[in-house]
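Subject: Structure handover

Hello,

Please find the structure below, with notes on what turned up in it.

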There are 2 protein chains.
Amino acid sequence: MRVSGVNKTRAYRSVLVILFYLMAIFGFACQQADQADKSQTQRPDGVSPLFKPLPALADDPADNISTTEKIDLGHRLYFEPRLSRSGIISCNTCHVVGAAGVDHLEKAMGEGAQTGPRNSPTVYNAAFLQSQFWDGRAPTLEEQAKGPIQAHVEMDLTPEEAIQRLKETGYTPLFEKAFPNEKEPMTFDNLAKAIAAFERTLLTPGSPFDRYLEGDKDVLTEKQIAGLNLFQEKGCISCHNGPMLGGNGYQKFSHVVGSSDVGRSAVTKKEEEKYFFRIAPLRNIALTYPYFHDGSAKTLKAAVTIMGKSQLNRQFTAEEIDQLVAFLESLTGNFPEIPYPKLPRVAQGG
Amino acid sequence: MRVSGVNKTRAYRSVLVILFYLMAIFGFACQQADQADKSQTQRPDGVSPLFKPLPALADDPADNISTTEKIDLGHRLYFEPRLSRSGIISCNTCHVVGAAGVDHLEKAMGEGAQTGPRNSPTVYNAAFLQSQFWDGRAPTLEEQAKGPIQAHVEMDLTPEEAIQRLKETGYTPLFEKAFPNEKEPMTFDNLAKAIAAFERTLLTPGSPFDRYLEGDKDVLTEKQIAGLNLFQEKGCISCHNGPMLGGNGYQKFSHVVGSSDVGRSAVTKKEEEKYFFRIAPLRNIALTYPYFHDGSAKTLKAAVTIMGKSQLNRQFTAEEIDQLVAFLESLTGNFPEIPYPKLPRVAQGG
């Protein structure tokens, strides 16, 4: 079969296009490999590339882009005690924005002064976690926000009751502003979206450790650097890594095997995940005592000691514990200024 | 006896001095009489001189002069849940600064989800009240602040426990700054002084009624002016007067005679003061529902109706009630911006 001039041209063109794509793909692959390589390489200062600085901003999910109006609504909802049956419990009761985002209780206390099953995790930087709750049962801040409002031992309202209360209290115009162009802005989903949008502003960048990562080598004490080295060498970093030094997976917490709280397996129904809990994120850990999902460790020293034994089968020396604690104290960042919001209240003339 | 020249001069001088003093005293007396006369005279706009605008600043008592440091300490203490046995109740739980200074519950809820005996009065402008609590049992804000912290159904701590907790939490340097030159700055009395100093900043000037009193005649609606006139003519003003429109005396609340809460007589042990309660201050009353010491009236309309019957033996018409409610709504002032304070928390390394 003879090939015509036109066909020849077409064939050359096709080969060129294929070559171009191949080169593009190859180039991209090289670039990726290079990046991967870089990210695995030890930094010249000896700090593991598994650590990442805490971002200064949290990304919005595609279905919940933040706006000033949405954040403003979420800010009020976060402080809204009408979202609890009694009218005295709000998100801020357990996740106190003025106290490192926690309540400093062993286990959370909610409606009817009932003690909940676990310790309240901090709300600060929760935006950067890959899942929410100690057992990771909520994938997003939006899903998380819906839990405590409905939990019998926390705020104890149905979604319908929550929305009804907000309507009576005067929230309707705020939802309309936060969710414009929606037929029905006042929904439980939107309530959760607004709270999540507010929570994405609760970040604490600028910790000494972050400044150290960014090159300010004078910001950590010698003891803290020794602790950082231990943290890397002894294996803490194998779980506590990334920007949150945790929050990115699950591990069996051998220390609590046999207790009634089986952790993640209650969510996944997988027997092999019994006593698995989310790897605790360590940002601001010096201020978020007491520690563990059951609040059983009162001090960082106690927590580090238990972690060493339970997770690494190591008996840290007193000096090592001191150094590790000193390093953990360098993870305390700068907390934002938060105004107490004006809660909508309809004048009760009628 | 002859009078010498020198003595004569002295005598004249003495007479002159006496005359001068007499004139001065007389002049002062006239001035006083004039002022008293003016203060009793009806204003040209028909507004009773018994009303006074809400002051923009509260006077400090001589033994508790405000300083920035003291207010700052009080601000934190006001939001401090460690001041309750459970660790979740603060002053702000019942007197929510973002919600007109109240909890909007019939009766306050405190430790152990126990319901207290009475409705939470607003903290706003409490600085201007002549006594604190529904039965006036505390003469000052300082004395008031000590009550709920110790009350079993509210925060349930002894003074010693409260101070011990604050020491453990990291308040010592803040007390030292707020009470310099004191040998022992961390006392329960000083805790109360700091909270009171903060509360003296919780004022809401600039209500439409205040602007009306100051001469802005366009700020009240016709209905509100009709309500103001009714308020004066029907006798409400005879109790609800002064800058707070109340809070300045006690009256028998006939509506509740026979109920278990006997009011002021439990404080004074005077049988004739049975069912006497402090005359309710009416500032921001449209937002501080529900009403009365027992929170039994859900709306202003209900409260005004009951007040008319009970205290004035009057059956207000529906129109009169509407007008009175409209006037009461003009008593809502401007609430200050309040940051959520940073609560001291000692890093728990040890």
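Predicted model: local features only at pLDDT ≥ 70, side-chain atom pairs only at ≥ 80, totals over all residues.

Residues are numbered from 1 along each chain as its sequence is written, chains are lettered from A and ligands numbered from 1 in the order in which they are written, and side-chain values use heavy atoms, with hydrogens and water left out.

The interface

Contact here means heavy atoms within 4.5 Å. By that rule, chain B brings 43 residues to the interface and chain A brings 43 residues. The two chains bury about 3400 Å² between them, with 61% of it on carbon and sulfur atoms. Buried area is the accessible area (1.4 Å probe) that two parts lose on being put together, summed over both. On the chain B side, the most area is lost to chain A by Ile88(B), Tyr340(B) and Gln348(B), which together account for 21% of what that side buries.

The rule finds 2 salt bridges across the interface of chain B and chain A; a salt bridge is a side-chain nitrogen of Lys or Arg within 4 Å of a carboxyl oxygen of Asp or Glu. Lys342(B) and Glu337(A) form a salt bridge through their side chains, at 3.6 Å from N to O. Between chain B and chain A there are 12 residue pairs in polar contact, both residues being at pLDDT 80 or more. A polar contact is a pair of N or O atoms within 3.5 Å; within protein, one must be able to donate a hydrogen and the other to accept it, and residues adjacent in sequence count only if both atoms are side-chain atoms.

At least two residues each of the side of chain B that touches chain A come from helix 3 (91–94), helix 11 (300–312) and helix 12 (318–329) of chain B. Helices (H or I, at least four residues) and strands (E, at least two) are DSSP runs, numbered from the N terminus. That side of chain B consists of 24 nonpolar, 11 polar and 8 charged residues. Ala, Val, Leu, Ile, Met, Phe, Trp, Tyr, Cys and Pro count as nonpolar, Asp, Glu, Lys and Arg as charged, and the others, Gly among them, as polar.

Salt bridges

Over all chains the structure holds 32 salt bridges. In one of them, Glu142(A) pairs with Arg200(A), with the closest N and O atoms 2.9 Å apart. Glu142(A) sits in helix 4 (residues 141–150) of chain A and Arg200(A) in the loop between helix 7 and helix 8 (208–213) of chain A, so the pair ties together parts that are 58 residues apart in sequence. Both Glu142(A) and Arg200(A) are buried. Buried means under 20% relative accessible area, exposed over 50%, and partly exposed in between (1.4 Å probe, protein chains only).

Chain B has a salt bridge between Glu142(B) and Arg200(B), the closest N and O atoms being 2.9 Å apart. Glu142(B) is buried at 8% relative accessibility, and Arg200(B) is buried with a relative accessible area of 10%.

Glu161(B) and Arg85(B) form a salt bridge whose closest N and O atoms are 2.7 Å apart. Glu161(B) belongs to helix 5 (residues 159–169) of chain B and Arg85(B) to the loop between helix 2 (68–78) and helix 3 of chain B, so the pair ties together parts 76 residues apart in sequence. Glu161(B) is partly exposed at 27% relative accessibility, and Arg85(B) is partly exposed with a relative accessible area of 37%.

Asp261(A) is in the loop between strand 1 (250–252) and helix 10 (265–268) of chain A, and is buried at a relative accessible area of 18%. The side chains of Asp261(A) and Arg118(A) are joined by a polar contact of 2.7 Å. Leaving out residues up to four places away in sequence, Asp261(A) touches Pro117(A), Arg118(A), Tyr275(A), Phe277(A) and His293(A).

Helix 2 of chain A

Helix 2 (residues 68–78) of chain A has buried residues that include Leu73(A), Leu77(A) and Tyr78(A). The buried residues of this helix pack against helix 3 (91–94), helix 5 (159–169), helix 6 (172–178) and helix 7 (188–199) of chain A.

Cysteines

The whole structure has 0 disulfides over all chains, a disulfide being a pair of cysteine sulfur atoms within 2.5 Å. For Cys239(A), the nearest cysteine sulfur is that of Cys236(A), 9.3 Å away. Cys239(A) is partly exposed, at a relative accessible area of 23%.

Regards
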